[in-house]
Amino acid sequence: MVDLFLGRTLIKNNRDQDELDTEREIVLRLQNRVLMLLFAAAACESCQQFVPTLVEFHKRLTDEAYVERSAQLVLLYISLDQSEEQQESFLNELPKKCLFLAYEDPYRRELEAMFGVEGLPTVVVLRPDSSILSLNAVEEIRRLGPDCYRNWQEAAEVVDRNFLINEDFDEKAMRSFSDPMRRLKYKVEDGRKKKKKDKTLRGQGGSGGGDEQQDKDEHDGGEGGPW
């Protein structure tokens, strides 16, 4: 995925519209990430209807109000607007954490052709190696919401040790807290069972078992020398 944007300038959708234009910046932002390419336009009614769903989807995966740590997910807006003003208008509706390509960058149209975009909105989902997870995940996002990301993460084999939804974090914390207690309990119970089993076996063995063990001990002692 990084290779797709090396030599390009990605812009942050913040107030200052900071640019990521060095190889190091691009790699740090995109490496080991699931990338969503949003092809849309302000004049597209379907795009306008989809935006609130997309914003909520993105928020639930990246906002600390919903997750313990952000998902390794990047949203990149590929504008198919007819003017820079339309692009700016649409960016105002998108998450501030997303990226976009400048309106004058012809690479927007190259990407449109590369992924065979036929209708708007289109969300192309890419693995970190730039292979395609979904050619258009719009309906999947509408239907499944944030659960999409877990499917994408598994399919992309993304190493995402930091991402944790709050309810999962709480469950994990409770489990971690109780695990040592359970292990101790099972260890004690296993020890008791083992002692009971050994006692039963000794009772069943009778004197014969004891004689055999004594013979074995004497034999071992003889081999071991006078000590």
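## Strand pairing and the sheet

In this predicted model, strand β1 (residues 10–12) pairs with β2 in the antiparallel sense over 2 bridges, where pairing requires that DSSP finds at least two bridges between two strands, and strands (E, at least two residues) and helices (H or I, at least four) are DSSP runs numbered from the N terminus. Within this part of the fold, L10 stands opposite L20 in β2.

The open sheet has 7 strands in the order β2-β1-β6-β5-β3-β7-β8, with mixed pairing. Because β2 (19–20) and β8 (132–134) stand at the edges with a single partner strand each, one side of each is left without a neighbour in the sheet.

Leaving aside neighbours within four places in sequence, L38 is in contact (heavy atoms within 4.5 Å) with residues including F50, L54, F90 and V123.

## The loop residue D105

D105 lies in the loop between β6 (99–101) and α5 (107–114), and at 13% relative accessibility D105 counts as buried, a term that means under 20% relative accessible area with a 1.4 Å probe and protein chains only. The side chain of D105 reaches the backbone nitrogen of Y107 at 2.9 Å.

## Basis of the values

Residues are numbered from 1 along each chain as its sequence is written, and side-chain values use heavy atoms, with hydrogens and water left out. As this is a predicted model, local features need pLDDT of at least 70 and side-chain atom pairs count only at pLDDT 80 or more, whereas totals for chains, interfaces and linings use all residues.

Technical notes. Buried means under 20% relative accessible area, exposed over 50%, partly exposed in between (1.4 Å probe, protein chains only). A polar contact is a pair of N or O atoms within 3.5 Å; within protein, one must be able to donate a hydrogen and the other to accept it, and residues adjacent in sequence count only if both atoms are side-chain atoms.
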